[in-house]
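Please go through the structure below with the text beside it.

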Amino acid sequence: MKFVSIVMGSKSDYEVMKSCSQTLETFGVKFEMIVSSAHRSPARTAEYVQSAENKGAQVFIAAAGMAAHLAGVLSSKTVKPIIGVPMSASALGGIDALLSTVQMPAGMPVATVAIGKAGAINSAYLAMQILALNDEELAAKLKEDRVTKAKNVEKDSLEIETIIAI
Ligand code: RP5
């Protein structure tokens with residue numbers, strides 16, 4: 001079974017990362033979501049990557065805050081695409097996690113998205129775009145979503161124009 005794997009460094013990341021799983025659910029994409037830390041449970045993290053791959057994980061999404069090494073560690077264990085989501089979990093507002101996640105050495109990529117909720121949602125979209133390379137039905141759903149988004153912008157504009165006219 002093909003699915004997206006979402007790994008969070010802590011349960012405290014869930015409040016933001018539920019936007020990721022909810023986005024996948026909206027499109028009917030299967031996913032598995034677990035907590036495993038690069039620092040606090042390194043053995044569990046390494047074992048999980050292998051077992052998830054064996055079960056059919058196609059893309060990994062890794063969310064972590066502070067000195068965020070989770071996405072990089074996943075990248076060291078698999079050649080499946082890794083998407084990193086920096087969490088805002090410290091006084092530095094996520095800049096710490098952003099730099100820790102994005103600054104990977106050459107040959108060990110992590111596709112890093114924005115800090116926080118927008119990044120969580122975009123990680124789901126990016127994972128789906130990867131899956132859609134081999135899934136025409138999902139590709140069609142993603143195209144339809146773009147059409148809806150464009151229509152919503154027009155609708156929003158009309159509402160504002162009306163308010164201004166009043
Ligand atoms: C990171 O440290 C986690 O991903 C989380 O964003 C942050 C804080 O974790 P907790 O102390 O809330 O468990 O490893």
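**Domain interface and ligand site**

Between domain 1 and domain 2, three residue pairs are in polar contact, both residues being at pLDDT 80 or more; a polar contact is a pair of N or O atoms within 3.5 Å, where within protein one must be able to donate a hydrogen and the other to accept it, and residues adjacent in sequence count only if both atoms are side-chain atoms. On the side of domain 1 that touches domain 2, the residues divide into six nonpolar, two polar and no charged. Here Ala, Val, Leu, Ile, Met, Phe, Trp, Tyr, Cys and Pro count as nonpolar, Asp, Glu, Lys and Arg as charged, and the others, Gly among them, as polar.

This is a predicted model: local features need pLDDT of at least 70, side-chain atom pairs count only at pLDDT 80 or more, and totals for chains, interfaces and linings use all residues. Residues are numbered from 1 along each chain as its sequence is written, and side-chain values use heavy atoms, with hydrogens and water left out.

The area buried between domain 1 and domain 2 is about 660 Å², and carbon and sulfur atoms give 67% of it; buried area is the accessible area (1.4 Å probe) that two parts lose on being put together, summed over both. Phe-27, Tyr-125 and Ala-132 supply 67% of the area that domain 1 buries against domain 2, more than any other three residues.

Turning to the ligand, a polar side-chain atom of Ser-10 lies 2.6 Å from an oxygen atom of the ligand. For Arg-40, a polar side-chain atom is 2.7 Å from a ligand oxygen atom.
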